[in-house]
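Visitor: Please take one part of this model and look at it closely. I would like to hear about the place where the chains meet.

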Amino acid sequence: MDNEKIFRDSIRDYGDRLYRICCCHIRDAEERKDAYQETLVHIWRGLSSFRQGAQVSSWAYRIAVNTCLDHLRKSWRRKRILGTRLVADEGDPFDAVPAGAPPPPDERVGLLYACIDRLPPADRTVISLYLEDLSSEEIGGITGLTEGNVRTRIHRTKALLKSMMNGENDGHR
Amino acid sequence: MDIDELKHETKKIKAPDLGALAFGGSVRTADGLIDELKRRDAAEKKKLRRMMVLYGVVGVVFVAFALRGDSDPGVLLGRWLLASIYALVVVLAAVKSSGLAKVDYAEPPLAFLRKAERRYRFIDPREYFIMVPGLAVAGLAGWLLAASGFDHIAHRTRATAFDILYVLGFLGLCAFGLIMTRKDWKREKGALHARLKRAIEDFARDD
């Protein structure tokens, strides 16, 4: 398969999923869009080292996760330079959506992302992939965590998110 | 609220159109994006080539300066040593800006974060292998050039005192540079480095 075809397929088949992974990691709408754009650039630049026969989806998800982790570093630097607060204000994750942008499909989804934002990075990554219906084995392959570790993290994070969404765990993080 | 119930709701979130991204107004399709990325890659390669030409021109000027006729072999050696340090800096810069030092975003996050943490350390232990000999050579080159100048104005018997003063001055300068760089690193990158370390601990934790 030639590189341009892999790239086209990645955008067509996984674009939405890659963007949702960004949603789990980055709350600010503009920064999320930047991270998605950077993910596409990194996919393009990484094509030369992509092993033929490997799964495109896992490879692309991993690039999205790392781009988001890297973006948090970059946004931290930017915030530091601008002198703004390091930690984003608590609130709805779609607060920063500019006028005209599509509203969140469901308020509960907005709340879910707000709660995910309060998780530690590894749990956030695992749950972002879980929400894309990936199996523990696939998530383990992408993150480098063991399958057992992934299962434990999913179980614990789901319970935690549930209690956070029900307002039972406000002091997390 | 159950997370699994919300799973399918999250699927309603779609990626923004390519036209809404900051690639430029002309990018609307995947093919347009490919063209834009190719254009950016070509521009980056051109920039890198220009940098290498600039380094080359400065290198030629430097070598011409080093070869400038001078009867004192110590001065000549000092200049050559400075020129070789310049060459070392150019090679390191070239390696850094070429593909060899590029970040691999397709690595597992833990390996990715570990490499990022290494890049953000105050000094990577491996850098000592370049930094210490580099400083020693720079110190020697400086001494050769300064000692030659000193010999013109003072008697040779005072050379030992000069050497001691030079070594103390050079080490003091190195220590001052190290302290200031450390201070700057702590202000600029210290908190970020600590954050990366926490993220690594989080990923490395085997529950």
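Guide: A salt bridge is a side-chain nitrogen of Lys or Arg within 4 Å of a carboxyl oxygen of Asp or Glu. B:Lys14 and A:Asp16 form such a pair, their closest N and O atoms being 3.9 Å apart. B:Lys14 lies in the loop between H1 and H2 of chain B and A:Asp16 lies in helix H1 (residues 3–25) of chain A, so this pair joins two chains. The structure is a predicted model, and every value below is computed from it.

The two partners can be described by their accessibility. B:Lys14 has 52% relative accessibility and counts as exposed. A:Asp16, with a relative accessible area of 27%, is partly exposed. The cut-off behind the first label is 50%: exposed means over that value.

Now the interface as a whole. The rule finds eight salt bridges across the interface of chain B and chain A. Another salt bridge joins B:Glu44 to A:Arg45, where the closest N and O atoms are also 3.9 Å apart. A count of polar contacts between chain B and chain A gives 20 residue pairs, both residues being at pLDDT 80 or more. On the side of chain B that touches chain A, at least two residues each come from helix H1 (3–10), helix H2 (30–67), helix H4 (109–119) and helix H6 (159–204) of chain B. The largest share of that side, nine residues, is supplied by H2(B). Sorted by class, the side of chain B that touches chain A holds 27 nonpolar, one polar and 20 charged residues.

The contact involves 48 residues from chain B and 63 residues from chain A. The size of an interface is often given as the accessible area lost when the parts come together. For chain B and chain A, about 5300 Å² is buried between them, and 61% of it is on carbon and sulfur atoms.

One residue of chain A shows the contact in detail. A:Thr143 is placed in helix H6 of chain A. With a relative accessible area of 1%, A:Thr143 is buried. Its side chain reaches the backbone oxygen of A:Ile139 at 2.8 Å. Leaving aside neighbours within four places in sequence, A:Thr143 is in contact with A:Thr125, A:Leu129 and A:Val150 in chain A, and with B:Pro108, B:Pro109 and B:Leu110 in chain B.

The length of H7(A) can be checked. At 1.5 Å a residue, its 19 residues (147–165) should span 27 Å, and its end C-alpha atoms are 26 Å apart, which agrees. After H7(A) comes A:Gly167, whose phi is positive, near 75°.

A:Arg153 also belongs to a network of salt bridges, which links A:Asp123, A:Arg153, A:Arg156, B:Asp202 and B:Arg205. The network includes residues of chain A and of chain B. Over all chains, a search of the whole structure finds 28 salt bridges.

Some salt bridges stay within chain B. In one of them, the side chains of B:Arg39 and B:Glu36 meet at 2.9 Å, N to O. These two residues are three apart in helix H2 of chain B, so about one helical turn separates them. An α-helix has 3.6 residues a turn, so residues three or four places apart point the same way. B:Glu36 is buried, with a relative accessible area of 10%. In another, B:Arg121 pairs with B:Glu117, the closest N and O atoms being 3.2 Å apart. B:Arg121 is partly exposed at 28% relative accessible area, whereas B:Glu117 is buried at 8%.

Last, the chain that supplies those helices. Chain B has six helices and zero strands, and along the sequence its pattern reads α-α-α-α-α-α. Of the 207 residues of chain B, 30% count as buried. Among contacts in chain B between residues at least 6 apart in sequence, 57% join residues at least 24 apart.

Methods:
Residues numbered from 1 in each chain as written. Chains lettered and ligands numbered in written order. Predicted model: local features only at pLDDT ≥ 70, side-chain atom pairs only at ≥ 80, totals over all residues. Heavy atoms only, no water. Contact = heavy atoms within 4.5 Å. Buried area = accessible area lost by both parts, 1.4 Å probe. Polar contact = N/O pair within 3.5 Å; in protein donor to acceptor, adjacent residues only side chain to side chain. Helix = DSSP H or I, 4+ residues; strand = E, 2+ residues; numbered from the N terminus. Nonpolar A, V, L, I, M, F, W, Y, C, P; charged D, E, K, R; others polar. Expected span 1.5 Å × (residues − 1). Buried < 20%, exposed > 50% of the residue type's maximum accessible area, 1.4 Å probe, protein only.
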